[in-house]
Amino acid sequence: MENLSLLNQYKLEQGVFDEMITDGLVRNHYRNFVHSFQQYSTEAINQKDALAKKLFMSQGITFTVYSSGEGIEKIFPFDLIPRIIQANEWEHIEKGIKQRLKALNIFLKDIYHQQFIIKDGIIPAHLIYTCPYFLREMVNVDVPFDIYTHISGVDLIRDVDGSYYVLEDNLRTPSGVSYMLENRNISYRLFPNLIPECGVRPVNHYPDVLIRALLDLSNRQSSRPTVVLLTPGIYNSAYFEHTTLARLMGIELVEGRDLVVENHIVYMKTTQGLRKVDVIYRRVDDEFIDPLIFRSDSLLGVPGIYHAYRRGNVAIVNAMGNGVADDKAVYTYVPEMIKYYLNEEPILKTVPTYKMENVDELDFTLKNISTMVVKKTNESGGYGMLMAGGSSEEERKNYIQEIKANPRQFIAQPIISLSSSPCYIDGKLQPRRVDLRPYAISSPGGIEIVPGGLTRVALKEGSLVVNSSQGGGSKDTWVLLK
Amino acid sequence: MLSRVAENLFWMGRYMERSNSQLRAIRTYYVSVQDGIPFMNPTEINDVFNQHNDETEKELVDRLFDVIFNTDIDNSIISNIFKARENARSVQDHITIELWHTLNEFYLMIRDRQLQNNMKSGDPISVFDGLIQQCMLYFGVLDSYMYRGEGYYFLNFGKFIERATFTLRFSQIQYEYSNGFKAIGEELLTWRYFLFAMSGYEFYLKSHAGNIEPKEIFNQMMDDVLFPHSIAYSFLQIDFFGEKLSEHYPNKDSEDLKFVIGKANAALKFREQWKSDDNLFEFTKKLNHYILEIVSNLNKNYFGLV
């Protein structure tokens, strides 16, 4: 018997695009899932919900928060209802991301070499030179195959009309891909046979695509160059992801202290002595990667690695200096970059962005602060952000003072409502806001995007902040074959 | 393999073996106290397990609770499991997923409040048994699912170094507590519990049915290669894994390692008969020195530690 009460209880939010329901009806691409889901009793769904939590814990898919010497295990909250994307929509997303990454990659090559985009007056020079993540150390450094953005996790959101907007490009060390893989593994167990029945495209070949891309970067004439994954260590909140990827790719997971540079060649310290390293997939940020060049107090990096990289003796993924393209003020110029470098119209929309260093735009923002979100240009993870609804008068006042003191470091955007997707919370289906982070891999052979990604969800009712650090969770993302 | 990974695997092996040995000893000790014949000094229980805890006035169950569940004590079982898991976490790409899951579940189990309450207000034996069973599961998974490579060798180096150390230390403690080979009456009975704690009772009975003879038990702990908790057996295993390492990577380091393992084996094989307490203590001291020499060799040549 169908459990109709689940769907009947689902109350949409006004003025929000819902992924599952339109005009009171279930969208076509959700129908198979909804039909199967309704066969389960509420009790059975509760059991599945509990099983999902248990599986995450027992498999150690956790964040570890350390206090008084002992780790407190926390799971990244998982919602069992998948987010479903239809085939043609995915095609649009895929094309849009590829176009964007192509332009951003050329931009990074350009900005660290001839700087045509500045000379032609497309982007103001001061915007680049005032970005703290523009690394002068990378100027005139040739990177292997001219690829900077090997791995990116582009954040997409949908506005009330359902159109996709790019929120961030995340070209440095985007995380979360292991949750994409694990969420799928959990879905298989929660809904036996449903994934093949719904015709969902697989995502579990992501590690194969990634290792192929990493191997292709080696300049050594060897069938098996040495590729390693550089992690900050077990205290990093994404450590689970680092171990998962290293294991699935069959490569060494190294920490800074495991590597040493001699004569501008990077070696790892093994039980059999030093072994040359050809490619490093690093999950350590630029500022910590080489204490001789960047932060001298960093214990996470490897002294001398920058010069080894500069000489082309080791490939580093992603390239250093990508932060300049992640700057939220530079983000506003991506549509221009696409037109300038590719002579194409942007496929994906960019959220209208006001630069606070422009007096008119600052005035406009202050007048309309209640409908705006103000962000620091170089922060991520939901930090350093002011959203009118979620802040006190005092906080707003202090924030505005900060903006006026250093306007270059702030931008403002109109609040995009974000689409909602059904979540199973407190025994019933409830709409919660979601975004989507597909993962793209750029290699000498081109750009490949695994069909799916991480759907992050703001689990608090009415919240628009999906970041895990701010109470967000995730759900599996199903891209349909047709 | 990375030196850091090798070292972490070695310590993971040590912590798991330590937890297993200590749990068996704790279980037997608890039973021996219920029988009225404790085979260790009750006031020194924390000391026996190398744990520092000032609260010696506590009741037996509370003291044993601390030995197992007190996270503030460095060598408690929960601390050992935590450290083993931390080591496993840092080498997840070198162990199988099955092994990681088993260890992770062990960690979740030992932190379970219900289990901890059961120790205080329920049946401690079932708590010990549950934890011992989890150890057995770990060793079973290690044996059945872990591929035989460098990682497996270092895990086993850790396991057998720890086992040899535990057997040596525990045999010494028992020897001193029970008046050595001159034990009589109840002192003799404590040797029976000691055999239980070392999982050697059944094996001892095969050749010495009806005769509890401390000297024979002590010899079993030292020399008998058929008894898996004897020092001789541990040395044999260490020798085996040393050979394997040398087969994979024949170099000077592996020759050095084989040499120190050979010295330890020879010292055990060609030992003199016990003539006096001093003679026995001298011997155990020497064995301890050889074990430390093997560890120093691993530290220097494989783990990159000075």
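The model is predicted, so everything below is a reading of computed coordinates.

**Where the chains touch**

Let's begin with the contact between the chains. Chain A puts in 20 residues and chain B puts in 21 residues. On the chain A side, four elements each give at least two residues: helix H3 (42-58), helix H10 (239-249), strand S10 (252-254) and strand S12 (265-270). Sorted by class, that side of chain A has six nonpolar, seven polar and seven charged residues.

**A three-stranded sheet in chain A**

Strand S12 of chain A also belongs to an open sheet of three strands, in the order S11-S12-S13 and with antiparallel pairing. Its edges are S11 (259-262) and S13 (273-276) of chain A, each of which pairs on one side only. On average, neighbouring strands here are turned by 40° against each other, with direction ignored. Looking at one of the pairings, S12(A) and S13(A) run antiparallel and are joined by four bridges.

Ser421(A) has Arg432(A) as its bridge partner in S22(A). The two strands form a hairpin with two residues between them, and in this hairpin Asp426(A) takes a positive phi near 50°.

Then there is strand S25 (residues 455-458) of chain A, which has both faces covered. Which residues sit on each side of it? Thr455(A) and Val457(A) are on one side, Arg456(A) and Ala458(A) are on the other, and all of them are buried. S25(A) pairs over four bridges, in the antiparallel sense, with strand S26 (residues 472-479) of chain A. In that pairing, Val457(A) stands opposite Gly473(A) of S26(A).

| Helix pair | Packing angle | Axis separation |
|---|---|---|
| H3(A) and H7(A) | about 140° | 10 Å |
| H1(B) and H4(B) | about 155° | 8 Å |

The angle between H3(A) and H7(A) makes the pair oblique, and H3(A) passes H7(A) in a right-handed crossing. From H3(A), the contact takes Lys48(A), Leu51(A), Ala52(A) and Leu55(A), while H7(A) brings Ile186(A), Arg189(A) and Leu190(A). By class, the residues of this contact divide into five nonpolar, no polar and two charged.

In chain B, why do H1(B) and H4(B) count as roughly antiparallel? Angles over 145 degrees fall in that class, and these helices pack at about 155°, so H1(B) and H4(B) are roughly antiparallel to each other. The crossing of H1(B) past H4(B) is left-handed. Residues of H1(B) in the contact include Trp11(B), Tyr15(B), Arg18(B) and Leu23(B), and those of H4(B) include Ile77(B), Lys83(B), Ala84(B) and Asn87(B). Counted by class, the contact of H1(B) with H4(B) has nine nonpolar, six polar and two charged residues.

**Tyr145 of chain B**

Tyr145(B) is in helix H7 (residues 124-145) of chain B. With 13 C-beta neighbours inside 10 Å, Tyr145(B) counts as partly exposed. Leaving aside neighbours within four places in sequence, Tyr145(B) is in contact with Thr96(B), Glu98(B) and Leu99(B). Glu98(B) is 47 residues away from Tyr145(B) along the chain, yet their C-alpha atoms are separated by 7.1 Å.

Most residues other than glycine have a negative phi, and most peptide bonds are trans. A few places in chain A are worth a look with that in mind.

Asn193(A) is not a glycine, but has a positive phi of about 70°. This residue lies in the loop between helix H7 (177-190) and helix H8 (194-198) of chain A. Is Asn193(A) buried or exposed? With 9 other C-beta atoms within 10 Å, Asn193(A) is exposed.

Asn343(A), also not a glycine, has a positive phi of about 55°. You'll find Asn343(A) in the loop between helix H15 (334-342) and strand S16 (349-350) of chain A. Asn343(A) is exposed, with 7 other C-beta atoms within 10 Å.

Finally, the peptide bond from Val317(A) to Asn318(A) is cis, with omega near -15°. Asn318(A) is in the loop between strand S15 (315-317) and helix H13 (323-326) of chain A.

Methods: Residues numbered from 1 in each chain as written. Chains lettered and ligands numbered in written order. Predicted model: local features only at pLDDT ≥ 70, side-chain atom pairs only at ≥ 80, totals over all residues. Pairing = 2+ DSSP bridges. Buried ≥ 20, exposed ≤ 12 C-beta atoms within 10 Å, placed from the backbone. Contact = placed C-beta atoms within 7 Å. Nonpolar A, V, L, I, M, F, W, Y, C, P; charged D, E, K, R; others polar. Axes fitted to C-alpha atoms, helices over the stretch in contact; angles between N-to-C directions. Parallel < 35°, antiparallel > 145°, perpendicular 65-115°, else oblique. Left-handed = near helix turned anticlockwise from the far one by under 90°.
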